[in-house]
Structure formats: structure tokens, C-alpha cells
Amino acid sequence: MEFETVIGLEVHAQMLTDTKIFCNCSTKFGGTPNSHACPVCLGMPGVLPVLNKKVVEYGMKMALATNCTINPSNSFARKNYFYPDLPKGYQISQFAYPLAEHGYILLEINGEQKKIGITRIHMEEDAGKLMHDENNPVSYVDLNRTGVPLIEIVSEPDMRSPEEAADYLKRLHEILVYLEICDGNMEEGSFRCDANVSIRPKGQKEFGTRAELKNMNSFRNVQRALEYEVKRQQYLVENGQKIVQETRLWDDAQGVTNPMRSKEEAHDYRYFPDPDLVPVMVDETWIARIREELPELPLVKRERFVKDYQIPAYDAGVLTADKALALYYEDVVKLCGKPKQVSNWVMGDVLRFLNEEKRDIRQCPISAKSLADMITLIEEGAISGKMAKDVIDDMYKTGKPPQDIIKEKGLVQITDEGELIKTISAIIEASPNQLKDYRGGKEKLFGFFVGQVMKATQGKANPQLVNDLLKKMLAG
Amino acid sequence: MEGILKLTTQNVEYVAKLARLEVTNQEKEKFTAQLNDILLYIDKLNELDTTGVAPMSHAIAVTNAFREDKVAESLGTQRALANAPDARGEFFRVPKVID
């Protein structure tokens, strides 16, 4: 039987604010346990949570960037359950009236665009962190993360393969980082993903029973977990067994998903409006102001790069994957033109250096000006492309401008015709056999002469000039 | 009475369990009766025609109460833990829970 996979994703993104969503405690990661907590975080009686305006505006940015409709009136609700990472006994979230709904983002799949629907985006608070004692029946609670602002982005079940799901996640991640509303750090949990996955016989309209997957902390793991889960469900169906609706945890080391030990009773959160938090009213003026603050988004930038710089879509994709990298690229092009050459140097050498040291472009020792100067020097014939390979290596190591490195290394290209003619004459004289063969029709030997000239000049000869002169002189 | 939501002792047991409350059989009977009285009273509202009236979630007409994103001092670990029934080092300590 042929199956179709159906995937929907829920992403929790931590908002890049200085303070928590409902109080003035710091959101900084990694502080002394329980040092970023106040009576609001601790759920003390009589406290009043007050909404951080920036969280609303950040959420609005994401809503607009993902083509959602912002609800003119949205409000908070209490989601009731008992767990030690949640001191109040409820999480403040949005339920019936979320911030935004009915959006979509576009994916590029085999050169075609596919729409993935966004069901809703809502604001909520994060819970604390639990650590379990290995030897004793106790757990330890750190409430620094309690009340850290999150937005939850829920997709429609529109993805049809684990690759599509991974692609959607990457695009979503990219948008959040471009908007500068989330740092996107998956290891520290600033960007988390749960996945709903089911399979159904191809052609069937109704969805199959789904499993919810948790505990995947990288794009790769999301894809691996989904691939495993699809296989598991297919095996069950093919062997006449039933798929159970449940939550399953991804085990990275074993490469499998296991059912989560379920809590005793079924969840019944008894949501109700939080009386402490008044409704958020968003008017058109506010939306217009936020829309004006939106930066150019990745997809638009990509298309502009292809159009304006005439570079391949692949190059545009690599260069715009990181907003800072795109900015660097444009700075270089502004200074020296030659967009394709710049792209080659940035994607080839600069990114390779950075990747080797796991740095990002903001930490790149080669300034945009230096790279532009180097490319100009090649264009002017002052150095050859081959020499530039050594120069850029030193530029990265030392952070010096190319002119200094060229001077220090004595790398100036020989463009003096008279000097080169002398060198070439000597070489021709010393290679009578090769000359005879070349003139007899063995044109491949041209390369031999080029090599000899380069050797004699330690690679400093201007290659174009060498070619021209050799052609003339070998012809006799 | 016709049309009125009627609570059973099972409903009371379920809600008590969700709220982690222990109730005796006697209390269960008592609360069931009391809650049904309340529902009966509230049911009076159903006599009004509310077609076209948006549901009300808050008793006051205030909207958009915001706070600026400025860090203020927290309690500090020691004071945060001061009222805890059990703590160790910099942490609250609770009976083991595993998801």
C-alpha cells in the first residue's frame, strides 16, 4: 500500500526581550538558579501580572511576516494543571482569542513554491526548569525561566514529508532571526518544535491517527524523528496493528521514538479568561506602524539578489540564509561591483574560514572594505586570482588589508612586458625539444611553457600577459 | 428542572481530583447540592435574549494595560526560596516528578 505522510508543527519561539512577559525580571539565560524570580514568577497571592508591550509588538511582527490576520481584540486565558515547574498551578496563555490567525509561509520545493498554512500565533509564558535527582526521589526546580515570553506558532497539517517539515522549520527560524525577535538558539531552547505526524493511504481524505513527537532539539533531529515515526506507523498499519494517539519522545542516542509515560488522568486544562490581564486591542494604526518596522524578509531578499545582482538562485540562498551575511555581501558589492566574483569569494573562502572555526560573519576578521579592495586588485591585474588565494588566507589570519599583505610578501604581479619577454626567451632557448614539438602541432605543450614562466617568476607574472606573449613568441 | 445543567456527585469528584482536593462522601453530597443551587441561580440569566451580544471576559472596561521592557531587580535566590516548604542550595526541592 502506498502511504501519504501528514505533518503539522508547533513551534515555541522565545522572544528576545530584556524582561519577562508579565513582570520586570530579567530573561537572561544561565543566571544563578532562582535569582531571576519575583512574587509574580513565584505565583504569590495578590500579585498583578502586567503585559510587556514589546512581546505584543514582536508577536505582531511575526504575524505580519507570516501573512496572518491580527485579531483586533485578543486576550489571555489560564491553562490549569499541576506541575512543579509551574508555581501558580496554571500557565498564562492565549486560547479562544489568540494574537493572530490564518497565515502562511512559502517553501521552495524543487523550484516550485508551496504554501504552508499557519493556523495561529499566540503569546504565552514559559515554565521553569526541573532537574531530577539520580539517586533520591526528589527533583530540583529553577524558576528563572518561568514567565519568559514565548510565541507559539501552530501550522496547518500541510507538510507531506519529513524534508518538507525540516524546510518549513528552517524558513520559520530564518524569519524569526531576520525580524530580530528571537535568537533562534535551539540548544538553549529559544526555538523548540513539537511535531504531529500521521499517515494515510494515498488518496484518502480523512487523517490517520496522529502521534505527537517531542524532545527534538535540532533541525536534523526533527527530520530524523519524523522519518523514524513514519516508518513505525507504516509498519504498524501493514501488520494490521492500530496506531495509538499518544505523545512520543525522540531518543537521539537510539534513534527511535518512545511513548512518554503518561500522566494519570487525561488532560483537562479548564481554560478560562485570566481576570488579571485585560484584553489587548490592536488597531490599524498600530499594525501599520509595526508593518513599517519590518525588515526585508529572506524570500524577498533572495529574489532581489537574483534579479539585481544576476547571481544564481543557489548563491542567493546561501548569501541570504543569514541576514548579517547578506549585509556583508551587499557592502562588498557596493564597494567593488562584480557581484558574481564577490559571491564566489564569500561563499568559497570566507564561509569556509568561518565554518572551520564555527564563527559567524560578524566575527569575520576580513572587513567588507578589505575584500572589496582585494577583488579590485585582481580586476586591475595587480595580483592574479591564484595569488589572491594566499592573500585572502593571510587577510583572515591577520585582519590586515590586502595591500599590506601584498607589500609584505612582495607579491606584486609582474606586468612589465620587457621583463617577461626576457624570461620567456630564456625558457624557449632552454627547451628546444618542446619548442620543436609544439611547432610540430603538439599544442598541449603550451601549458608546459606557461608553467615554466610561472615557476621562473614565482607565480607573479600576469597570466593574461604571459598567454599573449607566449602565443606570439612560440609562433616564432 | 428542564434545560438546566445538573451536576452529579461524579462531576464533583472529577473537579475535586483535578484541583487536588480531598472531599468526604458527606462533603460530596453537600457540594453537589450547593453547586446545583448556584447553577440554578445563574440560570436566571438565560431568560435574557443575548443574541448578537459578544461574550464578556472581563468585568472592567480597561484594555491595553502595558509595561515597558525595563529590567528591575528580582528577589534574589535566598528570598525567592524563603517561603518554600523544602529547598536545597539554590533550588526548590519537590517530590520526584517525571514526564
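This is a predicted model: local features need pLDDT of at least 70, side-chain atom pairs count only at pLDDT 80 or more; totals for chains, interfaces and linings use all residues.
Residues are numbered from 1 along each chain as its sequence is written, chains are lettered from A and ligands numbered from 1 in the order in which they are written, and side-chain values use heavy atoms, with hydrogens and water left out.

**Overall form of chain A**
- Chain A has 16 helices and 17 strands, taken as DSSP runs numbered from the N terminus (H or I with at least four residues for helices, E with at least two for strands).
- The radius of gyration of chain A is 30 Å, whereas a compact globule of 476 residues would have a value near 23 Å; the radius is taken over C-alpha atoms, and the globule rule is 2.2 Å times the number of residues to the power 0.38.
- Along the principal axes, the C-alpha atoms of chain A fill a box of roughly 95 × 55 × 55 Å.

**Burial and contacts**
- Of the 476 residues in chain A, 50% count as buried.
- Among contacts (heavy atoms within 4.5 Å) between residues of chain A at least 6 apart in sequence, 69% join residues at least 24 apart.

**Residues with positive phi**
- A:Lys338, a residue other than glycine, has a positive phi near 50 degrees, and A:Lys338 is found in the loop between α8 (323–336) and α9 (339–356) of chain A.
- A:Asn215, which is not a glycine either, has a positive phi of about 75 degrees.
- A:Asn215 lies in strand β13 (residues 211–216) of chain A and is exposed, with a relative accessible area of 51%.

**A three-stranded sheet**
- Three strands of chain A form an open sheet in the order β6-β5-β16, with antiparallel pairing, where two strands pair if DSSP finds at least two bridges between them.
- The edge strands of this sheet are β6 (90–93) and β16 (272–273) of chain A, each of which pairs on one side only.
- Strand β5 (residues 77–80) of chain A pairs with β6(A) in the antiparallel sense over four bridges, and A:Ala77 stands opposite A:Ser93 in β6(A).

Notes. Buried means under 20% relative accessible area, exposed over 50%, partly exposed in between (1.4 Å probe, protein chains only).
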